[in-house]
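Visitor: I have a model to go through with you. Can you show it and then take my questions?

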Amino acid sequence: MSAAPDRQAVRVDGHQLALTHLRKTLFPESEHTKAELLHYYARIAPLMVPHTTDRAASFVRAPDGVDGERWYAKNPPPGCPEWVTLTSVPGKGKPAPHVVVDSTATLVAMANLGAYEVHVPQWRAGAGPAVHDRVVFDLDPGPGADVTDCCRVALPLRAALAADGLTACAVTSGSKGLHLYVAVEPAPAETAVAYAKRLAVRIRAELPDLAVATMSRAARHGKVFIDWSQNASAKTTAAPYTLRIRERPGVATPVDWDEVAACAHPADLAFGPEEALARAEERGDDPLAPLSDAARRGRLPET
C-alpha cells in the first residue's frame, strides 16, 4: 500500500486549498499528524464556526508542532487566502486586520498555515469592542490544583449566575482548566467586566480555601484562579472546539453539568480530537447552542 500523499488539493466551500506537509508528525507523543488535525477541523467545523463567526480571531501558530517554535498571532498569517473574511480591530495606532473564522474553508485554511489554536473575544466584530454579548470565566488551577478543583468552583459559580437569570455553559479549556460561558444581551464592555469581577470576588469569599480572584500568582498555590479579566475587550479566550497545543493535542470540549459534578480525576475531562469528535457525533447537537441563540441571552444585572 502506498503512503498517504504529503500534499493534496481539495475544494472546501467552493474554495481551492492546497494542503501541505500532511504526513508531518506534529505531536510525537501521540503521533498525530497534520493531516489528522486538518481532518478534525473539517469535521468539527459545523459546531465550532457558529462560536467564531463575526469575532476577530487570533491564533497560536506552531507550524512544526509541539516541539517547534510557537507564537501568538493577531494578524492574518502569511499565505492567508484573499477570500478569507477580515475585520479591522481598533488599537493604539491604526486599526489592525484580523481573520474572521466564519466557514469550514477558513478554519481549514488557517490550520493548513500552522494556526492550530483559535482564540476569540467576547464581542462581535459587527458591534465592536465596546459592546459584549458573552461573559466568560476562565477557571485556571494553580500549582497543586487541577480540573477537579475547577469543577468544585464551577458549580457554585453556575448557581450564582442562575440566580441572576443567566445560563452558564461549561467547556474544558483543552489544557488544565475549565471555561464557563454565558450569552448575554449586548452590554457595555465595562459592565461585563465589572459583573464578572464582582461575581468572582463573591465566589472567592464563599470558597476562601479553594478559589482566588487576584492576578497574583503567589496566591494561586493549591487554588483555582477565577479569571474574570478575559472579559476585557483586548483579551481573547480559546474558542470552543479549538485544538490546544500541548504534549498531546487537547480540545476545548463542551461538557454537561452532570459531568462537571461527577469529575473525580483530571482524565475525566480530558479530550483529544478523536474523543471530541466521537462525543459530538454521539450527541448529535451542540450543547453550546445557547451561546449563539439570541433568544436565550440573559440580561446582565445593572449593579
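Guide: Buried means under 20% relative accessible area, exposed over 50%, and partly exposed in between, with a 1.4 Å probe and protein chains only. At 17% relative accessibility, Thr-20 therefore counts as buried. The model is predicted: local features need pLDDT of at least 70 and side-chain atom pairs count only at pLDDT 80 or more, while totals for chains, interfaces and linings use all residues. Residues are numbered from 1 along each chain as its sequence is written, and side-chain values use heavy atoms, with hydrogens and water left out.

Visitor: Where does Thr-20 lie?

Guide: Thr-20 is in the loop between strand S2 (15-19) and strand S3 (25-27). Helices (H or I, at least four residues) and strands (E, at least two) are DSSP runs, numbered from the N terminus.

Visitor: And what is Thr-20 in contact with, leaving aside neighbours within four places in sequence?

Guide: Asp-6, Arg-7, Lys-34 and Asn-112. Contact means heavy atoms within 4.5 Å.

Visitor: How do the axes of H1 and H2 cross?

Guide: They come within 9 Å and cross at roughly 155°. Axes are lines fitted to C-alpha atoms, for helices over the stretch in contact, and angles run from 0 to 180 degrees between N-to-C directions. The two helices are therefore roughly antiparallel. Angles under 35 degrees count as roughly parallel, over 145 as roughly antiparallel, 65 to 115 as roughly perpendicular and the rest as oblique.

Visitor: Left-handed or right-handed, for H1 and H2?

Guide: Right-handed. A crossing is left-handed if the near helix is turned anticlockwise from the far one by less than a right angle, and right-handed if clockwise.

Visitor: What about H1 and H6?

Guide: The axes of H1 and H6 (residues 273-283) come within 11 Å and cross at roughly 40°, so the pair is oblique. H1 passes H6 in a left-handed crossing. Tyr-40, Arg-43, Ile-44 and Leu-47 of H1 make the contact with Pro-273, Ala-276, Leu-277, Ala-280 and Glu-281 of H6.

Visitor: Changing topic. How many residues are in the largest nonpolar core?

Guide: 49 residues, with Tyr-40, Tyr-41, Ile-44, Met-48, Phe-59 and Val-118 having the most contacts inside it. Helix H1 (residues 34-48) gives the largest share, eight residues. A nonpolar core is a set of buried Ala, Val, Leu, Ile, Met, Phe, Trp, Tyr and Cys residues joined through side-chain atoms within 4.5 Å. A second, separate core has 38 residues, including Trp-228 and Leu-300.

Visitor: Last one: is Val-136 buried or exposed?

Guide: Buried, with a relative accessible area of 0%. Val-136 is found in strand S10 (residues 131-141). Not counting residues up to four places away in sequence, Val-136 touches Gln-122, His-179, Leu-180, Tyr-181, Asp-227, Gln-230, Asn-231 and Thr-237.
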